[in-house]
Amino acid sequence: MRRPSLLSIALALTVLTAIAWPAAAQDKPRSGGELIFVVPSQPPSYDGHQEETFGLIHPLAPHYSTLLKVDPFDKTGTKPVGDLAESWTISKDGVTYTFKIRKGVKFHDGSDLTSKDIKATYDRIVNPPPDVKSLRKAAYAAVQSIDTPDSHTVVFKLKWPESSFLLNLASPWNFVYKADILAKDQKWYEKNVMGTGPFTFVEHVKGSHWVGKKNPHYWDKGKPYLDGYRAIFISSSSAQVAAVRGERAHIQFRGFTPADRESLVSALGPKITVQESAWDCALMVAMHHEKKPFDDKRVRRALSLALDRHAASKTISKIAIVRDVAGIQVPGTPWATPPDELEKLAGYGRDINKSRAEARRLLKEAGVPDGFAFTFKNRGIPQPYEPLGIWLIDQWRQIGLNVKQEVVEASAYHPMLKRGDFETAMDFQCGFIVEPDLDLGRFLSNSDANYGRHKDTVIDDLYVRQARATDPEERKKLLRQLEKRLLDDEVHVMYTLQWHRIIPHSSKVKGWTITPSHYLNNQLDTVWLAE
Amino acid sequence: MHKYLLKRFLLMLPTLFGVALVTFLLIRVIPGDVVELRYSGDRGAVSQELLDRERARIGLDQPVWKQFVTWMGGVLRFDFGTSMWTGAPIWEEIKLRFALSFQLAIMATAVAVLLAIPLGVLAALKQDTWVDYSVRVFSIAGLSMPSFWLGIVLILLLLVVFKWLPPMVYTPFWTSPTQNLAQLIWPALAVGYRYSAIATRMTRSAMLEVLREDYIRTARAKGLMQKLILSRHALKNAMLPVLTVVALEFAFLIGGLVVTEQVFNLNGIGLLFVQAVAQRDYTLLQALIMLVAGAFIVVNFMMDIAYAWLDPRIRYR
């Protein structure tokens, strides 16, 4: 056998290097370019502390930093990492959180950020002045005091240990504002933008677009990679798809429907990359506990047993933005119940005939053997309310129930729920961070969002205990108990299918990872454009 | 003439008041309000206390008559207040969109007039020939196709065949004429075609009527050239009903292109209307309706002046 010559070895090495080089080069972030993204909603004001729409988060988040943020590369959207906080410690009793603030961070006006700014921001969120709205104030009810022992240390003291506290400090809404500005005018940030984020503000043309440009003094050296970004406001879903298809925009960060995904993939082929995730949004059926026969838990249980969630997961996911069978937490995230355990709950089993036989038995036991007629109120929004509403009615008819659907216009829907003007109705929620405390507070007996009006001290107690549990395993156990009580023992409410987030985006967009919440990962500091 | 104009002008005031009153009351009949919508959000867990506080801040806790009196007081001073959704002055919200809608209305009108008048005249002159039939098919097709549908077809055609999409963001004409026209020419064509269909049919029938008048026959008998008969005697007299259609359509275009603006993502008055209704932004919606009503009233007033100029019988009545 002839030994390979030096020349042939060199040639082979060159070829191998050439093959390997593009992949390596592609993975290395490239600086430059303007990211263009579509925003389907618009910011009512510029103040993150007092707004609720992603229409604010998407264009404004790149201008700001938060104390902590959710790891932009964590697909579960549950891992807090430092943003302005360089490090932190938690006392053994779980009530003292000490944060070391990064040095050398500058506001866009050139001034230095200190712990004073963090304190002023959180004072505004936790204890807002009378004329300032702080929509998420309730999430910080445990905070007793906020102190700044030195210019780069902040200490939060809590009244009781709270397992969700760290993640609540990673809330994407908690933009850190400048203390001096807040001291002069607490409302200044409603109409102005000035943070420490990776991009500075250029312009906002209402109803049209929003522009930001690279902050050359950003604390994380080398970032951001983009020269700037442009958010285009487009309300019509067909125009949003056209914008991506016509390569007028790279991405839309909220989500598209399965049909939109198919149309973009077939039109653009490899120019489109699709990222998908379970979405931290859920549609539930609220049943009015003060109206007969929904005051009877056997009837409520029968309604849940009638649903073939596993079959629907396969079929409806082809036409609607839903997919996974889920309990009270987003599937695939740390607090979610594993599928095999979930199947033990009423209406989650795989044998639908058995479940429906049980449902009929329960109806007979409750004194309605031939079923009964009732009205189901649904929200007048096509996705995913419409297909899920039709599915629910079909499923309930399978056990002999006569259901009439009444579609209520979207803007009149919430007042209707609050008035309790329904027998059964579609209830909804979307989380901005994946955290049980945020999702489950609505099921407390005294909650404004407990539309079914159940009174259950066991749920109230379990909620408080899980919220204060410092051991994750203990918390999981309590959450399972709460879930069983809520969805199986009492069936106060029934979950349909978990929303499913689909982001088809230009393959040029790199460094962005989908998370279960469309409120997360919009700072854009890690995003770059290939080519 | 002056008395005639003064009378027409004074008639505008009660009309505007009527519009203001009806608008104010009707939009409050729609269920839900701006506060509920803005703060109920996806999580829907905002306290009643916060909602009540916000309603009081923007005056929604006041009796309806009191709200109306306050608003009318502002209107009389040309102060339409601030948007209940964004808190920005109403005029600031409207002026951004008005430029686009106004330009689009002008462009669509130009497309319509340039198509309608020559085609209408030609069809009348060549009545019952293949030319007439072709013009009639063309105009009936225009009437049958909604402009937003034509817009969707245009967008798909550009996307599928030319792999190109018009710009999604409005650029003022003076900043970049090419960018501006690249965005607006397509909706102008879609809207202008439908608009031209109505005007073509009106021009044709008006011309046919005028061409049968005694004074046209007299002009022909005197041996006047066909071109002069048409331009001096026939067209001017046939223009009265055409002018009415064109003018009213122009006023409609200022705020009526709701779906077309969505299809082309145009940041115009039509889209603002939809937002204002969806967000229950009463102050903005009232101002928009007053703006469109004002546009109709002003256009009508200008038409009255034009009638008087075109037809001396009106002036001297």
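The radius of gyration used here is taken over C-alpha atoms, and the globule rule is 2.2 Å times the number of residues to the power 0.38. This is a predicted model.

**Chain A overall**

Start with the size of chain A. For its 531 residues, a compact globule would have a radius of gyration near 24 Å; chain A has 25 Å, so the two agree. The C-alpha trace spans about 80 × 75 × 55 Å along the principal axes of chain A.

Next comes the fold. Chain A holds 17 helices and 19 strands. Buried residues account for 50% of the 531 residues in chain A. Contacts also reach along the sequence. Take those in chain A between residues at least 6 apart: 70% of them join residues at least 24 apart.

**Where chain A meets chain B**

On the side of chain A, 35 residues are in contact with 37 residues of chain B. Which elements of chain A give two or more residues to the side that touches chain B? They are helix H7 (237–245), helix H14 (410–419) and strand S16 (424–430) of chain A. By class, that side of chain A divides as follows.

| Class on the side of chain A that touches chain B | Residues |
|---|---|
| Nonpolar | 14 residues |
| Polar | 13 residues |

**A helix of chain B**

Is helix H9 (residues 214–221) of chain B well covered or hardly covered? Helix H9 of chain B is hardly covered: of its 8 residues, the count of buried ones is 0. Just after H9(B) comes Gly223(B), with a positive phi of about 85 degrees.

Technical notes: Residues numbered from 1 in each chain as written. Chains lettered and ligands numbered in written order. Predicted model: local features only at pLDDT ≥ 70, side-chain atom pairs only at ≥ 80, totals over all residues. Contact = placed C-beta atoms within 7 Å. Helix = DSSP H or I, 4+ residues; strand = E, 2+ residues; numbered from the N terminus. Nonpolar A, V, L, I, M, F, W, Y, C, P; charged D, E, K, R; others polar. Buried ≥ 20, exposed ≤ 12 C-beta atoms within 10 Å, placed from the backbone.
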